[in-house]
Amino acid sequence: MAAPPGDNQRPRVGLLYDERMCAHTTPDGEIHPECPERIRSIWKKLESEGIPQRCIILDAKMAEDKHIAYVHSAKHIKLIKSISSKEFDSRRQRIASKFNSIYLNKGSSEAAYLAAGSVIEVSEKVAKGDINSGIAIVRPPGHHAEPDEAMGFCLFNNVAIAANFLLNEKPELGIKKILIVDWDVHHGNGTQKMFYDDPRVLFFSVHRFDYGSFYPSGDDGAYFMIGEGPGAGYNINIPWEHGQCGDSDYVAAWDHILIPVAKAYNPDIILVSAGFDAAIDDPLGGCCVTPYGYSLLLEKLMPFAQGKIVMALEGGYNLNSIANSVLSCAKILLHEEVVGSSRSPAFESTWDIIKAVRHELKGYWPALNIKLPQSLLASRGRPRPPEVTYSSSESEVEMDKGINTAENVEDGKFAEDLILPLSKLDLDEDCNGIIASSKLQIEGHSSQCESCHDPQTLIPSDIIASSFTWRSSLSKIEVWYASYGSNMWKPRFLCYIEGGKVSVNFCTANNY
Ligand SMILES: [Zn+2]
């Protein structure tokens, strides 16, 4: 890349952050991955690198009801507007529990209005040309929020509201076609629903799908969900079949689906639903995209829409990963260099998915009808990682025994006792970081694998013995285990409590 431009040539990149969005937090201080520290850590990182001084700082704004009403029902708006008022004090938690993966507190209403309004603000400034591009560091996130329902940590669908604002409220800005790129590890079910029959918005989501079992689960994120009516062909899903997808998998999806389609679509602006939970070390995503990988994905979008790109934060739950990833993206928008490399090949399953998506959409996008180069397909890519499942019978036994339950463990002591020894574990890269123990079954993984250690040498026996304790204790913590239970397998669980060490080993092969 060329030398960084001087002040006169530097692109005008908008940056929006407002501490008031930190007021949305769990009502009783419970630990939760979607926490205020997420945006604080991003802002702190950007400040430490002098990014705000190189950007245009924008003020947060509250969204107006009439703008939110383009995508949400009056009933939903009324609920989110009033949920933080005193009259809901006694009922707030009961209402939140009726939704899927939602908490609410006194700060939720204001934060939700600020998140939506701020994405509108950055989008309008970019559309007008006041700034070239922009980043809205907002929470709560939005892409799971459906027309009449908050879900998946999302209250209002910030990006969908901003897209509708540009299309319907500001026709004079000339935004007629919007490309929404959703690279959050979860499918953007809410956004898909809101534009499913609307060709003015091309919605592209790449996400873990795991055959419909990954959150938000069901068929919505499948590759055959391509839009309907006039919107047919304008909804593109890239559903990963498993975790551990990294830079190469994402770049392959970009090169062989998103970029050729974007060329044909020729959007007037690009809104990125920028979740960073596919990032390496994320406790929920189980994928391996590096900060450098995100910079590549963003850089590939820069030639479109005259570089009019708006990034709006969605998920991402490892504080270091999201901070470093946003930093990389900010540098790309500023035309600064991001150093890194990605060498490991894409998964074999990635090529299968890419072929399936291209086949499904080739009638709408002729560029997808061209055969993939034989040289690409010949290598076939990496084999899929082994699956790991719990032995349900053993889980039942441990619960039946009633020993070492959370009641017997003081929270602080429990965390210390657990995290310290686990952080010293040396996990086996060739087993993809999976700790093999009598409590786990590894499917499709030969016990003859020479590089695999004996499980007993891998884990100290006292840790194995106390596994009952930590598993039951962690499930006791009222976090997201209940709603994410089906997505929770042991390595990711360990990653969460250990601060990401396990998934570092997951992704060693990426050589990032
Ligand atoms: Zn997510």
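# Exercises on a predicted model

Aspartate 281 is buried, with 24 other C-beta atoms within 10 Å. This is a predicted model, in which local features need pLDDT of at least 70 and side-chain atom pairs count only at pLDDT 80 or more, while totals for chains, interfaces and linings use all residues. Residues are numbered from 1 along each chain as its sequence is written.

**Exercise 1.** State where aspartate 281 is found and describe its phi.

Step 1. Aspartate 281 is in the loop that runs between strand E7 (269-274) and helix H10 (291-299). Helices (H or I, at least four residues) and strands (E, at least two) are DSSP runs, numbered from the N terminus.
Step 2. Its phi is positive, about 80°, although aspartate 281 is not a glycine.

**Exercise 2.** Describe the loop between E3 and H7, using phenylalanine 153 and proline 140.

Step 1. Proline 140 belongs to the loop between strand E3 (133-136) and helix H7 (158-169), and phenylalanine 153 lies in the loop between E3 and H7.
Step 2. The peptide bond between arginine 139 and proline 140 is cis, with omega about 0°.
Step 3. Phenylalanine 153 has a positive phi of about 70° and is not a glycine.
Step 4. With 26 other C-beta atoms within 10 Å, phenylalanine 153 is buried.

**Exercise 3.** Is alanine 323 buried or exposed, and which residues does it contact beyond its neighbours within four places in sequence?

Step 1. Alanine 323 sits in helix H11 (residues 319-333).
Step 2. It has 24 C-beta neighbours inside 10 Å and therefore counts as buried.
Step 3. Beyond its neighbours within four places in sequence, alanine 323 is in contact (C-beta atoms, placed from the backbone, within 7 Å) with Ser41, Ile42 and Lys45.
Step 4. The C-alpha atoms of alanine 323 and serine 41 are 6.0 Å from each other, although 282 residues separate the two along the chain.

**Exercise 4.** Describe how helix H1 packs against H11.

Step 1. Two packed helices are described by the angle between their axes and the distance between the axes.
Step 2. For helix H1 (residues 37-48) and H11 the angle is about 45° and the axes are 8 Å apart, which means that H1 is oblique to H11. Angles under 35 degrees count as roughly parallel, over 145 as roughly antiparallel, 65 to 115 as roughly perpendicular and the rest as oblique.
Step 3. On the H1 side the contact includes Ser41, Ile42 and Lys45, and on the H11 side it includes Ile322, Ala323 and Val326.
Step 4. By class, eight residues of this contact are nonpolar, two polar and three charged.

**Exercise 5.** Describe the packing of helix H9 and helix H12.

Step 1. Helix H9 (residues 247-265) and helix H12 (residues 348-361) have axes 10 Å apart, at an angle of about 25°.
Step 2. H9 is therefore roughly parallel to H12.
Step 3. Asp249, Ala252, Ala253, His256 and Ile257 of H9 meet Thr350, Ile354, Val357 and Arg358 of H12.
Step 4. The contact of H9 with H12 holds five nonpolar, two polar and two charged residues.

Note on methods. Axes fitted to C-alpha atoms, helices over the stretch in contact; angles between N-to-C directions. Contact = placed C-beta atoms within 7 Å. Nonpolar A, V, L, I, M, F, W, Y, C, P; charged D, E, K, R; others polar. Buried ≥ 20, exposed ≤ 12 C-beta atoms within 10 Å, placed from the backbone.
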